[in-house]
Amino acid sequence: MSTIEFLDLGKQPITNNFLTQQKPIEEFFYNLKIMFNEETKLVSLVDFVPPEKMFNETYAHRASMSLTMRQAYKELASKIKDRFNPKSILEIGSNDGVFLKNFLDINPIGVEPCKNLAEITNATNIKTYSNFWNISLGKKIYNDVGKFEFIYSANTISHIQNLDETFLAIDNILADRGVFVLEDPSLLEVLKNISYDQFYDEHAYVFSLTAINNLLKRTELEIFDLEKLTTHGGSNRVYIKKRSNPLNISKTVNLALAFEKDFGIGEFETYKKFAGCVEKSKTDLISIFERVKNKNSKIIGYGATYKSSTILNYCGLNNEFIEYFVDTTENKQGKFTPGTHIPIIKPDNFLRNDIDFVFLGAWNFKKEIFSKEKKYIDNGGKFITHIPFPQII
Ligand code: DWN
């Protein structure tokens, strides 16, 4: 067995399980442990949670809820049109259609297992299959529509447990000269920023470029380009083609692989060190919360993210520490955070000045949030963040 466990984040709830009552009669918990595969260099959860428990008709996250992401998808769409000019496009994990709506002129196709989200896109003339991505769905779409010149998948491939089947199903439905782009949080950034909250039930994997490259060696697909993104705390946008497609392979790919190698992405030692940093991050964050709580400060949370669920549950930061979370996602409002039972409410237009500290659950949108909440900051309001280390800002 070439896998080694390196991190234990304790008992964790389903991150999408936003509760309708503060004291639920029953709540599902699982053990969140992370391991490293010495052969493929893949970092994954030790125990996967059944997909149906996570991705269903109550799925809360709406990708269109932040200005940053709406703009990022719009810019990407225009870049794809300029560079590849595809005549057909498929998105795996199309969420609420925020990306595909930029391709209405070429009849985009979505795949989205969460029925509530698929209904939203189907209602806007984006044909969406509400199923999990696998070989049999790929065959069905091929029979209905044919092959695709462009396949896009953001923050989804890392959520699918069977990667070999996933890549094979993509290879089957990708046109010979087609391009597949996947975008997922970068393991390198997680290691650099100690952003261990990228580990939660849905993230079966947190990918390095190295691991993706190794996994693709088992397929007919290969990486030909790469972009490093700031979205979701640092992501890789990986451009993939069939090996038979003569498109040039950009130098960036080998440079990035070499950088990861030098960083130690392929060494178990790196992960052991990371686990030590995670423990320190936990101790330091708890001590900040205890310190400010002892002064009877009013602490709230900003952005009841899935990521923050890992932090709150691992550090034991529950409703005794955080009075409530504000979140713009309607599906979360009026509910309670999984495991820690903190009320989630609709934000006022701006943060009120009677709030002393705001825990930045959506730290990946810090820029957008700080510019929105300039008045609160100018009036002396403070944020608590754990990225890249616990601190008050
Ligand atoms: O991979 C995943 C990512 C892309 O989305 C999923 N597995 C689940 C989800 O994870 P997350 O909740 O950690 O994602 P976000 O995009 O960091 O969530 C941001 C949350 O913060 C949203 O609920 C919206 C909210 N928000 C807010 O209330 N006010 C965001 C901004 C920018 C704001 O100003």
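This is a predicted model: local features need pLDDT of at least 70, side-chain atom pairs count only at pLDDT 80 or more; totals for chains, interfaces and linings use all residues.
Me: Let's start with helix α8, so how many residues does α8 have, and how far does α8 reach?
Reply: Helix α8 covers residues 251–263, which makes 13 residues, and from its first C-alpha to its last it reaches 19 Å, close to the 18 Å expected at 1.5 Å a residue.

Me: And which residues of α8 are buried?
Reply: The buried residues of α8 are V253, A256, L257 and E260. When you look down the axis of α8, these buried residues fall within an arc of 100°, so they line one face of the helix.

Me: Then which exposed residues sit on the face turned away from the buried side?
Reply: That face of α8 carries the exposed residues K251, N254, L255 and D262.

Me: Why does N254 count as exposed?
Reply: N254 has a relative accessibility of 56%, and because exposed means over 50%, N254 counts as exposed.

Me: New topic, β11: how many of its residues are buried?
Reply: Eight of the eight residues of β11 are buried, so the strand is largely enclosed by the rest of the structure. Both faces of β11 are covered, with S235, R237, Y239 and K241 buried on one side and N236, V238, I240 and K242 buried on the other.

Me: Which strands does β11 pair with, and is the pairing parallel or antiparallel?
Reply: Strand β8 (residues 174–185) pairs with β11 in the antiparallel sense over six bridges, and V181 stands opposite Y239 in β11. Strand β10 also pairs with β11 in the antiparallel sense, over eight bridges, and here L221 stands opposite K242 in β11.

Me: How many residues lie between β10 and β11?
Reply: There are five residues between β10 and β11, which form a hairpin, and H232 in the turn has a positive phi of about 50°.

Me: Now the sheet with β12 in it, what is the strand order?
Reply: The order is β14-β13-β12-β15-β16-β17, in an open sheet of six strands with mixed pairing. Its edge strands are β14 (344–345) and β17 (391–392), each of which pairs on one side only. Within this sheet, strand β12 (residues 299–302) and strand β13 (residues 325–326) pair in the parallel sense over two bridges, with G301 opposite F325 in β13.

Me: Which strands does helix α9 lie across?
Reply: Helix α9 (residues 268–294) lies across β12, β15 (357–360), β16 (382–385) and β17, and runs at about 150° to β16.

Me: How do α9 and α10 cross, and which residues make the contact?
Reply: The axes of α9 and helix α10 (residues 306–315) come within 10 Å and cross at roughly 75°, and the two helices are therefore roughly perpendicular to each other. The contact is made by V278, E279, K282, L285 and I286 of α9 and by I311, Y314 and C315 of α10.

Me: Last one, what is the order in the open sheet of four strands?
Reply: The order is β1-β2-β3-β9, with antiparallel pairing, and the edge strands β1 (3–13) and β9 (205–206) each pair on one side only. Helix α9 packs on this sheet too, touching β1, β2 (29–37) and β3, and the direction of α9 makes about 30° with that of β1.

Note on methods
Residues are numbered from 1 along each chain as its sequence is written. Side-chain values use heavy atoms; hydrogens and water are left out. The expected span of a helix is 1.5 Å times one less than its number of residues. Buried means under 20% relative accessible area, exposed over 50%, partly exposed in between (1.4 Å probe, protein chains only). The arc is that of the directions from the helix axis to the C-beta atoms. Two strands pair if DSSP finds at least two bridges between them. Contact means heavy atoms within 4.5 Å. Axes are lines fitted to C-alpha atoms, for helices over the stretch in contact, and angles run from 0 to 180 degrees between N-to-C directions. Angles under 35 degrees count as roughly parallel, over 145 as roughly antiparallel, 65 to 115 as roughly perpendicular and the rest as oblique.
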